[in-house]
Amino acid sequence: MFAYCADPDTLAGIKWLSCYLTTGKHLSFYGSFGTVLLLLAITAPTALLFGFGGATAARSPIAPLRWFGRGYIAIVRGVPDIAFFLFFVIALDQAFEWMRHKALCPDWDQPIRQGNDFVVCAQAKLPLSTSAQWLHEAYGLTLAVLTFAIVFGAFAANVLFGAMRAVPHAQLETAAAYGMSPRQTFWRVMVPQMWVYALPGLSNLWMVLIKATPLLFLLGVEDIVYWARELGGSKTARFTDYPHGDWRMWYFFALLVFYLAFTKVSEVFLDRIMARLTKGQATSGGEAQRKAA
């Protein structure tokens with residue numbers, strides 16, 4: 001195949017395009033779509049876990065825990081996402097390296113903060129300079145997942161907090177009348193019923209999360225936006241075997257199609273989940289189903 005693509009007689013029309021679209025960089029471009037899907041697959045449940053913890057803390061009868069939960073929701077939601085992403089990744093990376101530095105280099109006698117530089121011993125660097133490239137990429141993706149989870153977890157916490165309050169109070173009073181403890185009422189009555197109220201907000205949050213994945217480019221991860229800009233820019237014969245003009249419009253058009261198709265599939269899937277959750281429930285969705293039947 002590579003000999004075929006290297007043959008100058010074949011570099012014309014469709015043959016030229018087929019060779020061009022199977023270069024190593026293009027294979028990395030195709031793989032970056034998997035990176036985005038992997039990020040969503042890990043971030044969504046992690047952010048939901050953060051959100052559930054934040055919402056539970058926000059309604060806790062213990063004052064410090066309640067202040068922490070509500071402070072987490074208010075602070076993270078009040079900071080622009082892009083500012084949080086640019087700051088928090090650096091802060092998180094330095095926090096990890098600082099802890100490793102204290103554990104691995106106790107005899108270090110130089111200041112860690114040297115002007116604008118953050119200097120730790122070589123053993124404390126994450127990842128190590130001798131680590132394989134995939135470890136560097138996995139570490140960057142891990143920082144991105146944590147950052148996305150913390151940011152979108154705050155929004156999920158706000159949605160879940162409202163959903164918990166939307167559960168009819170009579171349901172909770174009935175559970176207490178039957179002798180259930182507050183813990184049993186929470187897990188057996190409130191949590192199962194809150195999802196029908198939370199799903200519309202969580203659905204919107206999922207769509208926002210999908211649209212936020214291009215921010216991976218700002219976090220140093222080679223995502224689809226990075227490769228679209230890299231491959232679509234003008235290339236001259238001096239630097240590549242496949243010279244072309246400015247093709248960024250076509251690459252970003254491919255990203256447009258990808259995101260529109262992905263959001264459409266998500267809408268269909270979420271609508272089915274909503275129909276399943278509202279079945280038999282005393283909600284507008286449940287009433288509509290009963291009338292239709």
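A: Happy to! Cys121 counts as buried, because its relative accessibility is 4%, under the 20% cut-off. Keep in mind that this is a predicted model.

Q: Which residue does Cys121 form a disulfide with?
A: The partner is Cys105, and the two sulfur atoms sit 1.9 Å apart. The structure holds one disulfide. This pair links distant parts of the chain, 16 residues apart: Cys105 is in the loop between helix H5 (81–104) and strand S1 (113–114), while Cys121 is in the loop between strand S2 (117–118) and helix H6 (133–166).

Q: Is Cys105 buried or exposed?
A: Cys105 counts as buried, at 12% relative accessibility.

Q: And what about the torsion of that S-S bond?
A: The torsion is about 85°, so the disulfide is right-handed.

Q: Changing topic: how many salt bridges does a search of the whole structure find?
A: Three. One of them joins Glu230 and Lys25, with the closest N and O atoms 3.5 Å apart. Glu230 is in helix H9 (residues 224–232) and Lys25 is in helix H3, so to speak distant parts of the chain, 205 residues apart.

Q: Nice. Where does Lys125 come in, and which residue does its side chain meet?
A: Lys125 meets Glu97 in a salt bridge, at 3.7 Å from N to O. Lys125 is in the loop between S2 and H6, and Glu97 is in helix H5, 28 residues apart. Lys125 is partly exposed, with a relative accessible area of 34%, whereas Glu97 counts as buried at 3% relative accessibility.

Q: What about Arg248?
A: Arg248 forms a salt bridge with Asp246, the closest N and O atoms being 2.7 Å apart. Arg248 is partly exposed at 38% relative accessible area, and Asp246 also counts as partly exposed, at 42%.

Q: Back to H3. Where does it bend?
A: The bend is at Thr43 and comes to about 25°, with a proline, Pro45, following within four residues. H3 has 35 residues and reaches 49 Å from its first C-alpha to its last, close to the 51 Å expected.

Q: One more: where is Ser60?
A: Ser60 is in the loop between helix H3 (24–58) and helix H4 (63–78). With a relative accessibility of 8%, Ser60 counts as buried. A polar atom of its side chain lies 3.1 Å from the backbone nitrogen of Ile62. Leaving out residues up to four places away in sequence, Ser60 touches Leu65 and Arg66.

Methods: Residues are numbered from 1 along each chain as its sequence is written. This is a predicted model: local features need pLDDT of at least 70, side-chain atom pairs count only at pLDDT 80 or more; totals for chains, interfaces and linings use all residues. Side-chain values use heavy atoms; hydrogens and water are left out. Helices (H or I, at least four residues) and strands (E, at least two) are DSSP runs, numbered from the N terminus. Buried means under 20% relative accessible area, exposed over 50%, partly exposed in between (1.4 Å probe, protein chains only). A polar contact is a pair of N or O atoms within 3.5 Å; within protein, one must be able to donate a hydrogen and the other to accept it, and residues adjacent in sequence count only if both atoms are side-chain atoms. Contact means heavy atoms within 4.5 Å. A disulfide is a pair of cysteine sulfur atoms within 2.5 Å. The expected span of a helix is 1.5 Å times one less than its number of residues. The bend at a residue is the angle between axes fitted to the seven residues ending there and the seven starting there. A salt bridge is a side-chain nitrogen of Lys or Arg within 4 Å of a carboxyl oxygen of Asp or Glu.
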